Amino acid sequence: MLRLLLASLLLCSGAANADWHQHTFAVMGTEAHLEFWLDNDDSAQVQAAIATVVAEMERVNQRMSPYIDDSELSQLNRTAATEPVTVSQELFDLLTQAQQISELSAGAFDISYASVGYQYDYRQQRKPPEAKVEQVLAAIDYRLIQLNQQQLSVAFAHPDVRIDLGGIAKGHAVARSLEKLQQLGINHALVSAGGDTAMVGDRLGRAWMVGIKHPRAEHKTAVHLPLQDEAISTSGDYERFFIDEGVRYHHIINPKTGDSARKVVSVSVIGPDPTTTDALSTAVFVLGLQQGLVLIEQLPEYQAVIIDNQQTLHLSSGLTP
Ligand code: ADP
Ligand code: MG
């Protein structure tokens with residue numbers, strides 16, 4: 001109540017030269033968005049804040065993209081099966097975090113899914129033949145990615161291992177962008193990249209309203225959630241997919257089968273850390289409703305909204321009224 005009142009006073013007194021600012025741009029193969037409040041509305045400061053986030057997201061992209069030939073990730077994929085590769089602290093830490101989510105999800109989240117993943121082309125509607133999938137399954141196992149903390153190096157214990165950070169890098173980019181905004185003294189902001197969103201503060205006395213897309217109606221929202229000081233990540237089977245003989249092939253792969261995961265159609269995970277919500281949403285998507293909820297219920301700070309393949313909505317206990 002007190003907070004609400006203070007916010008409205010602020011609005012009245014400072015409204016003449018303070019405002020919300022937003023910017024939308026393309027990065028990491030998706031659309032990124034930021035929105036923030038500046039108490040002192042100085043256009044140079046506004047532009048600096050926008051430029052900082054754009055640069056930070058692009059920096060992460062240059063480092064983590066599998067499509068950029070000299071990205072750190074591409075170099076790792078080319079060499080780590082032959083010899084250990086020394087990487088940046090940032091990449092090492094992200095790989096460590098990915099491994100932790102793999103352990104937690106019994107391998108449902110596994111960045112070595114890419115050993116088969118790169119053989120799918122959703123735009124060209126191309127999937128690998130079954131025999132090929134069988135053959136590369138041996139290279140999908142996060143335990144084949146060996147991290148050496150002293151050397152800050154990474155080695156792959158199988159010649160066919162490839163990794164991809166598509167299930168975790170956008171959350172990381174969002175986290176880093178919000179940190180940058182806070183360093184600029186901004187305390188009310190929202191940053192998103194594709195299905196990964198995080199906020200610092202509230203929307204001046206109100207919560208931010210974040211929508212979860214309807215998985216089968218393109219411009220509809222299935223759920224609106226009021227959030228503040230949280231991250232939310234959504235994984236859906238409707239972002240990148242094709243349908244072949246009635247079967248939906250999409251970009252979230254079950255590492256145990258090399259095929260798309262089909263137990264649920266949308267998973268949103270809410271919690272404090274955007275990198276974790278990003279990876280967890282992918283993990284829960286692969287695990288499905290029952291096992292996915294078991295995982296989320298182990299993590300008191302994290303909640304989930306799951307839409308199953310009958311289009312029924314399920315909530316983890318922390319969201320149940
Ligand atoms: P997006 O926001 O890109 O839709 P998600 O968070 O839903 O992403 O994650 C999907 C992406 O994660 C895929 O595009 C792929 O890059 C990667 N991915 C797919 N399956 C797995 C998996 N089992 N473990 C880790 N990453 C995966
Ligand atoms: Mg994810």
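## A loop residue with positive phi

Met 28 lies in the loop between strand E1 (19-27) and strand E2; helices (H or I, at least four residues) and strands (E, at least two) are DSSP runs, numbered from the N terminus. Met 28 has a positive phi of about 50° although it is not a glycine. Its relative accessible area is 17%, so Met 28 is buried, where buried means under 20% relative accessible area, exposed over 50% and partly exposed in between (1.4 Å probe, protein chains only).

This is a predicted model, in which local features need pLDDT of at least 70 and side-chain atom pairs count only at pLDDT 80 or more, while totals for chains, interfaces and linings use all residues. Residues are numbered from 1 along each chain as its sequence is written, chains are lettered from A and ligands numbered from 1 in the order in which they are written, and side-chain values use heavy atoms, with hydrogens and water left out.

A second residue of this kind is Ala 106, which is not a glycine but has a positive phi of about 50°. Ala 106 is in the loop between helix H4 and helix H5 (114-117). Ala 106 counts as exposed because its relative accessibility is 56%.

Strand E6 (residues 189-193) is mostly covered, with five of its five residues buried. Ala 189, Val 191 and Ala 193 are buried on one side of E6, and Leu 190 and Ser 192 are buried on the other. In a regular strand the side chains alternate between the two faces of the sheet.

E6 is joined to E2 (residues 30-38) by five bridges, and the two run antiparallel; two strands pair if DSSP finds at least two bridges between them. In this pairing Ala 32 stands opposite Ala 193. E6 also pairs with strand E7 (residues 196-200), again in the antiparallel sense and over five bridges. Val 200 in E7 is the bridge partner of Ala 189. The hairpin of E6 and E7 has two residues between the strands, and Gly 194 takes a positive phi near 55° there.

## The E3-E5-E4 sheet and its surroundings

Three strands form an open sheet in the order E3-E5-E4, with antiparallel pairing. E3 and strand E4 (145-148) are the edge strands, each pairing on one side only. Four bridges link E4 and E5 in the antiparallel sense, and Gln 146 stands opposite Ala 155 in E5. Helix H4 lies across E4 and E5 and runs at about 130° to E4; axes are lines fitted to C-alpha atoms, for helices over the stretch in contact, and angles run from 0 to 180 degrees between N-to-C directions.

Thr 86 is placed in strand E3 and counts as exposed because its relative accessibility is 60%. Leaving aside neighbours within four places in sequence, Thr 86 is in contact with Gln 151, Leu 152 and Ser 153, contact meaning heavy atoms within 4.5 Å.

Helix H3 (residues 72-79) has the buried residues Glu 72, Leu 73, Ser 74, Leu 76 and Asn 77. Their cover includes helix H2 (43-64), strand E3 (85-86), helix H4 (89-104) and strand E5 (153-156).

## The E11-E12 hairpin

Strand E11 (residues 241-244) and strand E12 (residues 247-250) pair in the antiparallel sense over four bridges. Phe 241 stands opposite His 250 in E12. Two residues lie between the strands of this hairpin, and Glu 245 in the turn has a positive phi of about 50°. Phe 241 and Thr 86 are 155 residues apart in sequence and 35 Å apart in space, C-alpha to C-alpha.

Beyond its neighbours within four places in sequence, Thr 276 is in contact with Gln 97, Ile 101 and Tyr 302.
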